Amino acid sequence: MLVYTIKRILLALLVTLCVSSISFGLLFLSSDPATAIAGEAATDEDIVYIRKLYGFDRPLIVQYVEWVGKALRGDFGKSYYFRMPVSQILADRLPITLKLGTSAVIFAMVLSVPLGVIAAMRPNSWIDRVALFLSIMGQALPSFWFALMLIVLLSIMFPLLPPSGTETWVHFVMPTIVLGYFAMPAIMRLTRAGMMEVMASDYIRTARAKGLLPAKVLIKHALRNAIIPVVSVAAVQFGFMLGGSIVVETIFALHGMGYLAWESINRSDLPTVQAVILVFSIIYVVLTLLADLINAWLDPRIRVA
Amino acid sequence: MSTDTLSTVEQIMEPTPGQLLRRRIFRHRGLIIGASILALIMLMAVTAPLIAPHHPYQQDLLNRLMRPVWHPEGTWEHPLGTDHLGRDYLTRLIYGAQISLLIGFSVAIISGLIGTALGIVGGYFGGRVDMVVTFIITVRLSMPVVLVALAVVALVGGSLRTVITVLGLLMWNRYAVVIRSSTMMIRNQDYVAAAKAVGSSVLRILLTEIMPNVLNNLVVVATLEMANAILLEAVLSFLGLGIQPPLPSWGLMVSEGKDYIFFEPWLITIPGIALFLLVLSTNLLGDGIHDVTAPESHG
């Protein structure tokens, strides 16, 4: 287990390093940050001066090594727009996105695990059909459109919820529904498939034959085993949600990381964009790492391979 | 020759594999519905210049934000009303299908080529090569697609070509994962060993033995990923960093309509429904092809 853990952590570090260098290269090759900072009224001399000042005239690899060195110490440089350290902005925004992501995952789990279980209990019943319908809808509904339709319904036609803002928990209700809804299909399908497999196994028949209460068999014996892969998929879904948060936060004006990313992209605020991409990647890498380690811990066969 | 190689009457009467496939296709409701809607949308896109009542860029500032025909003040002159610049909404909706389909097909081709190549190479050779391929896939999965696509499109400048290139270069991961695992299952089959034994080159084995046998999976993934590409383009255009005006992208139409969300919500509803139907039908088709071509995996 120790060897596997160390190997897996080294791999995660290598992945993070690669992602950071790719995104660094992409952003800084495809644009001239000096012109972005200088603004439209700048003369050629201004741009040359800024280029020197920020060190953009040096080779890209030198800039990258310097950036990584600083990032390791938690220094992501200064935002071109906010004129303050990016790390400080991230510290403000990250909790909001994490809160949104967590509540969305919980919402998705609460909705899809029971639905998946019931669908597995009664295949081809109406509730199975409803579950299938919901998951097909979840894959085809454009997220931004679903969000806008919710605003039309719950803020305009029936003014129950505020359409935008970050202040109270009420502001998080609609973003949570939108973001959580899109994580639902994967979790539900997996719960359903897992439950169907487990329910057909011998130990469930044994438990039933012993005369245990059906509810006890279902929850204590079946769900416990079926839920294991679901937890790791939920972790990965959380990572995907960070991407979805850009759309959702922009529409609901929720001032988290996604909104920050969108603002900064529009302002060509490269240090901030770069830092957001890195943070999102790290969260994803850490979550998949944890999911893998948990799976390996539960299933010794994985460790050997 | 013994008699047991002769066909019995029952065997002759049995449906051929082709007949069985056709029967499965026509009994699969999702597949038929999906294929029909998709065919309609494609027909609409191809015949756009013939069936569209107006020109998609033709502005009429005196008749801005006219309501669709089912509203009391709607007219048949503009069945779906007009947008904030007085352009006919139905016309823009019809032309918008061209853009979504173009994006869907082009992205599927580019990312399909990249992903299939990676997946086949990793799955066939295994070992070190596979480790490298798996690592590349992991790195790609760790990058937030929407964010990277937005940033690159913003820096390079949004256009149809940029969006296609960026999405094509980003969305190959599912092809690589699926093709890699199906290649791994095939590479130990006897017919591959036979091809090796008669001295076929590696390239020949990959193209004539492996490729035809992963084709089913490839078609399924390509269909589902086409739907994803269409959705992602709509997201980018909605956020203002994809297709640029005046092109009639459905995502862009929703974005242009969202300023009027309080009084003219149909401006958002109509292109959204179009987008939903296109993605839904493509997904149904993909799931249907999966069920029909792999009947044993379907309960």
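Helices (H or I, at least four residues) and strands (E, at least two) are DSSP runs, numbered from the N terminus. This is a predicted model: local features need pLDDT of at least 70, side-chain atom pairs count only at pLDDT 80 or more, and totals for chains, interfaces and linings use all residues. Residues are numbered from 1 along each chain as its sequence is written, while chains are lettered from A and ligands numbered from 1 in the order in which they are written.

**View 1. Chain B has 13 helices and 0 strands.** From the N terminus on, its elements run α-α-α-α-α-α-α-α-α-α-α-α-α. The C-alpha atoms of chain B fill a box of roughly 85 × 55 × 30 Å along the principal axes. The radius of gyration of chain B is 24 Å; a compact globule of 299 residues would come near 19 Å. That radius is taken over C-alpha atoms, and the globule rule is 2.2 Å times the number of residues to the power 0.38.

**View 2. Helix 12 (residues 250–257) of chain B is mostly covered.** Of its 8 residues, 8 are buried (20 or more other C-beta atoms within 10 Å of the residue's own; exposed means 12 or fewer, partly exposed in between; C-beta atoms are placed from the backbone). Among them are Trp250(B), Met253(B) and Glu256(B). The cover includes helix 7 (143–157) of chain A. Helix 5 (89–125), helix 11 and helix 13 of chain B also take part. Across chain B, buried residues make up 45% of the 299 residues.

**View 3. Chain B meets chain A through 33 residues, in contact with 36 residues of chain A.** Contact means C-beta atoms, placed from the backbone, within 7 Å. Helix 6 (127–142), helix 7 (145–156), helix 11 and helix 13 (266–293) of chain B each supply at least two residues of the side that touches chain A. Helix 7 of chain B gives the most, with 10 residues. By class, this side of chain B has 28 nonpolar, 4 polar and 1 charged residues. Ala, Val, Leu, Ile, Met, Phe, Trp, Tyr, Cys and Pro count as nonpolar, Asp, Glu, Lys and Arg as charged, and the others, Gly among them, as polar.

**View 4. The largest nonpolar core has 158 residues.** Such a core is a set of buried Ala, Val, Leu, Ile, Met, Phe, Trp, Tyr and Cys residues joined through C-beta atoms within 7 Å. Ile187(A), Ala149(B) and Leu150(B) have the most contacts inside the core. Its largest share, 17 residues, comes from helix 11 (residues 202–238) of chain B.

**View 5. Leu150(B) is in contact with Ile265(A), Leu236(B), Leu239(B) and Leu241(B).** Its neighbours within four places in sequence are left aside here.

Conventions. Two residues are in contact if their C-beta atoms, placed from the backbone, lie within 7 Å.
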